[in-house]
Every structure is written in C-alpha cells, then in structure tokens.
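Please keep the sequence and the structure in view while reading.

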Amino acid sequence: MSEETKSLNFIEHIIEEDLSNGLPKEKLRFRFPPEPNGYLHIGHTKAIGISFGLGKKYNAPVNLRFDDTNPAKEEQEYVDAIKKDIAWLGYEWANELYSSDYFDKLYNWAVQLIKDGKAYVDSQSSEAMAEQKGTPTQPGTNSPFRDRSVVENLDLFQRMKAGEFKAGTHVLRAKIDMEDPNMLMRDPIMYRILHAKHHRTGDDWCIYPMYDWTHGESDYIEQVSHSLCSLEFKPHRKLYNWFRDHVYEYAKDQLPLPPKQREFARLNLSYTIMSKRKLLRLVEEGLVSGWDDPRMPTISGLRRRGYTPSSIREFIKKVGVARRENVIDVSLLEFCIREDLNKTANRVMAVLDPVKVVITNYPEDKEEWLEAENNQEDESAGYRKVPFSREIYIEKEDFKEEAGNKFFRLKLGGEVRLKNAYIIKANDVIKDENGDIIEIHCTYDTDTSKKVKGTLHWVSIKHAIKAEIREYDRLFMHEAPDSDKDKDFMEFLNPNSLDVKTGYLEPSLSDVEVGERFQFQRLGYFVVDEDSTKDKLVFNKTVGLRDSWAKQKPKPQQKQQPKKQQPQRPAISIIQQLGKKYTNLPEEKQIRTKAEIQELAKKVSYEELEPWFGTAVKKAGTRIATMITLKVLLNKGLERNDAINEFIAKALEDKNELLVKEASEV
C-alpha cells in the first residue's frame, strides 16, 4: 500500500471505492451549500476545506450553491459576504447556483408525488401536527387529511401557490410512515405558505420548499456525486434517500446520477459559539460591533482581526476529517496564526503603556537613525531605519525600582539593552505627588558588546506616532458557552474582551495600509484596522506571542496517587488490528483469529462498528473482520438497516473470496 493511500481520510476512501466500483472520475462533482441567513464562521471552514479540497484532489468541479428557501431570514448581504469569504480563503467555485433556481422543477416534482399518492395537503395547525408526530419511543398517528383524494390535493396545492390562503392554513406533506422509528420519516413537511419577498425571486412565490426537500433534490439536479454534510444530518439520510429515489424515477433519463449523502464530524471550537442564530443575537443586541467584529468567530471577524487564509487552511488541515464529534481547543487556531505571522510579519517597535526615559548623557539636540532588521525569519525582508533620541518611551512593566535577580528588565542600578540601539543604566526616578514614577533617568553606553541579560523595545518620543490600539480577548469565559441548559450563553460573555488604549509607534508605521500585519516586538501580532485614516491609525491585536490563557487555567493538584492499571483497549480496536493481517495468515491461524474476533464482538456496539462499513476495498482484512463482527451482532438480535444491507451487498460483489464467503453466511 502506498503512503498516499495510507493517508486517505474516510471520505476519500468512500470516493476511491466508488471509483473502483465503476463511477467514472469525470462524474465526480462536489458542492458547498450554505444557507444565506448569516455570515460564515470558523466552523464552516471545515466543510469548505473538505469540499474544495476534494475538488482539487480529483480535479472535479465544486459548486457554490445557496440553499435559499427561507426568505424571512435570508438577505443578499449574506450572499455577498459568503462569496467574499470563500474567495478570501483562496477557493474558486465552478458554478454559482441557487436552490431558488429550481423552484419550478421542485414544484412540478411535488405535483408528481401528489399524483402518485406520495404527498398530501394537510390543513391542521402546527400544534396538532406536532402532537400527532409521536415521540422517539411512541409512533405517530395519521393526519385526518392524510387520505384526501389526489384531485383535492392537487387543487389545494395549486391554490396555495396562487396565494389564496394565509400562512399556516395548509402545508404539503410527504406521505411516508407515521410509525417509522426515524421521526423525520413521519410525513415530513415539503412546502409551507410564506408571504415574504425573496431576495432573488421577489414576490413570484408565496409557498416555499422545506430544506430537506430542496437540499437533496438540488444535489440531484446538479448531479453532485457526493453530498457531504455534518453529523447532525445523519438521521436525515433516510429521508434524503427517500426523496431522491422517488424523484429519480421521474428524471433518470435526463439526470442519471443519484447523489450519495455522507456525514463527517463538524468543527467545534472551545470558548466559541457556532450557532448563526446566537451570533445574530450578539449583533442585534449590540454586544459586538457587527458580524465582522474581531471578537466574532466569523470568517470576516477573523479576517479583520488579522488572521490569514493560509493560517486557517493550516488549522483545518491539522483538525482533519473525523467521523465522531469532538471539541478542538481554540489555542490550536491561535498557534496556527502565530506560526504563519512569525514567518511573514515584519517586526516593529510600539509602546502601549508608556513611561518616559531620559538619557541624561545623550545630547539634547542629537538624533540618530539606527538600522533595524525587519524579520529575522525572512532574509528578503531587509532592514529599516528607526530614530533614537534623548527621550524615549518604554513599557511601565519593564521597570522596577527594586527587583530580585530574576528580574531581567530595567531596575535602579541595573543595565539593559535597547533593541537595535545602546545599553542603558537606570540611575534615578522622578515621581508625581501620588508617588507614581513619571520619569526614569538613565545613562547610555556606546559599548554594545557588553553582555546584559535584558533587551527592551522602545520608541523615540520625539518621533513617535500615536495610534488607537484595540486589544481583543476571547469573547466568552466558558470553554463551552452554550453547553449549560440552565444558563443563557450570554451569561458567559467576557466583560474584558476589548481594551482600547493609545499606543506610541515607531515612525515607519506612518504610511501603513489597511490589512497590513506586524509583530509589535515583545507584545504580539497586530493588524491595521479598516477604521484607520491618515489622521488616526487603528491597530487590532491578532494574538499574543504566546498562549496567555494556558497560564489562567487551574493546574491540577499534584497528589501522590497509587499507580493505576493501564486501561484495556476497546474491543473494536483489537478487532481492527486482527483484521489488518487476516488475509495473510495461514488457514489454521485464520480459524483461531476468527474465533478471537467472534469473542471480542460480544463487547462491541453497532455504533462502534458502523463507521467501519466504509473501509476501503483494498483493506479486505478489515472488511472481513467487520463482517464477522456484524454476524455476531445480528445473531444477538441487531435489526438490519439500509447501511447494513448496503455493506453486505457490496461485500458479496467483492473480489476477495474470503469476504464473499463471510458475507454469504450473514
């Protein structure tokens, strides 16, 4: 097996298997289908990266399709913002499409379902329908309008479209099964009446298709080969397939490829909200300045904060593609932007909490322009000139009148090196009436070869330019702000997430452009904000030079505890290991290994086993071990479903005789 094959994620394994089973490579087609009801956030970047990454890997087109089925919440502003964000991330889409492009076709297919007795108009209230829906453990009951005649359903549906009825009086429902264990299959709504102006179709329609009906059929119309979505849509797959299979019978001559839905774990980030509805609430209540507030996890907010497309793409690469939900620490995202800016951002000097230093032995009318390296990580960055004079600013925290031996900054009687300049020694201080230090008197030494432990950044007061500095912190204090069912996520807002101050910068920054990024030496990375003008510069702090939050987390108490036994490996993990070498074992050892797998299978749940159904064709041993385990679960009473039947059917058609034999015995 090649290294490239080993590194495939499970979605790529599915695609490779489809290709090996006869799907022409030129039929591969992907899409990213956002709803234009808010701005994209960091969670969306995973789905974007997966779809566009597959497009690049297989040289296949990727559509950008807006699932715009709810005019009450959707706006052109969101469409424009989404396009801008995806382009900024560095991705190009093959076609810009809209589900609203397909409203006529979707309506005609709905009419066909009514004619075939597969859909009906329900005239109950939403409360009555919800009550009849049942619960996950109790079946639903049929609507009293479920057996309306085809003629009556067609008449009512046409009149719904014509605008004769008020919102809430009628809906169109698919006629499936009110007793299905999957509640999504209990006669789901396909159309509702909504008298609202659509941002593209205007007032042409007053009935709008529901997401589950629109989404899959839009995939089918576009001949998307693999419909990729996050795990919360896994229960929807059965309904996706039901709609797809019925419509396929209406259009298979023109649209021969039925799409396949597959799910991956979405991106969850600590200290972050990933709900567009909740993010909109922050905007509407004025708790942030807008969708692009640098504290927001939106792509536009990250861009304004100074994040780069490459840092976000690298973050998504590190997160990877998984089948199970997990929470990624936001510090990984911050690590990625630090790594990127460390290589690309020029170093400059800025003082954000200044105290005045007077170098008493430096001539009052003298100034020098000293050479400073722009970026030691980039030889091509070159050098710049910084001015030096008798009076400079340093950071207040960089000076103490008295300090111990471990304080390597400036103290009375002590020496430090000024970055790119001289060595100074603190001799005296001047204080105001409150006892606060307002001046530090120093002398300088031109012998820069001396060894001193501390190096400080500084700016010449005479030449410094003022700027507004916006220092941002995490918007929420809680690692999972929307996880507490008894508390509103707003209760976890960080009251200190924004600190605005005046900074003093070296004069090389006087002609910067919006979006330029710099490292303020010893302070962090900063970007020029769009609020900047020629008369007033504004910088946003992107991230510190190191993870300051790691220090704030309470450290576990160091207690002597008895050594614990190593936890046993999960049975499914051992089965997987046994399966890897199964096909290479002699027959006698295969028999013993099979018996071992059968014993381990008694400790495995279906939820643990199901992800292995998508194992690549080349991994025959793993598929055999999965089939042996599945057989044990079925013998214990596991009910068959579509995924099991599909797995067995593919195994029966496999080239590996051992796998075919095991499958034929199920």
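Helix α19, residues 642-652, holds both Glu646 and Lys650, which are four residues apart, or about one turn of the helix. In this predicted model, their side chains meet in a salt bridge with an N to O distance of 3.4 Å. Glu646 is partly exposed, at a relative accessible area of 31%, and Lys650 is likewise partly exposed, at 25%.

Side chains of opposite charge can pair when their charged atoms come close. Another such pair is formed by Asp499 and Lys501, whose closest N and O atoms are 3.9 Å apart; this pair counts as a salt bridge because the cut-off is 4 Å. Asp499 is partly exposed, with 36% relative accessibility, and Lys501 is partly exposed as well, with 24%.

The count for the model comes to 53 salt bridges. One of them joins the side chains of Glu468 and Lys536, at 2.7 Å from N to O. Glu468 belongs to strand β25 (residues 465-472), whereas Lys536 lies in the loop between β28 (524-528) and β29 (537-543), so the contact ties together parts that are 68 residues apart in sequence. How accessible are the two partners, Glu468 and Lys536? Glu468 is buried, with a relative accessible area of 15%, while Lys536 is partly exposed, at 43%. Glu468 and Lys536 also belong to a network of salt bridges that links them with Asp292, Arg304, Arg470, Asp529, Glu530 and Asp531.

Attention now turns to the aromatic rings. The model contains 27 aromatic pairs. Among them is the pair of Tyr78 and Trp291, which is edge-to-face, with 6.0 Å between the centres and 80° between the planes. This pair links distant parts of the chain: Tyr78 is in helix α4 (residues 76-89) and Trp291 is in the loop between α10 (276-284) and α11 (299-305), 213 residues apart. Tyr78 and Trp291 are both buried. Tyr606 and Phe613 form an edge-to-face pair too, at 6.1 Å centre to centre and 65° between the planes, and both of these residues are buried.

Aromatic residues also gather in a cluster made up of Phe103, Tyr107, Phe157, Tyr191, Trp205 and Tyr208. The charged end of Lys161 sits over the ring of Tyr107, 5.3 Å from the ring centre. Lys161 also lies over the face of Trp205, at 5.1 Å from the centre of that ring.

Technical notes: Residues are numbered from 1 along each chain as its sequence is written. This is a predicted model: local features need pLDDT of at least 70, side-chain atom pairs count only at pLDDT 80 or more; totals for chains, interfaces and linings use all residues. Side-chain values use heavy atoms; hydrogens and water are left out. Helices (H or I, at least four residues) and strands (E, at least two) are DSSP runs, numbered from the N terminus. Buried means under 20% relative accessible area, exposed over 50%, partly exposed in between (1.4 Å probe, protein chains only). Rings of Phe, Tyr and Trp (its six-membered ring) pair if their centres lie within 6.5 Å; planes under 30 degrees apart count as stacked, over 60 as edge-to-face and the rest as tilted. A charge sits over a ring if NZ of Lys or CZ of Arg is within 6 Å of the ring centre and within 35 degrees of the ring normal.
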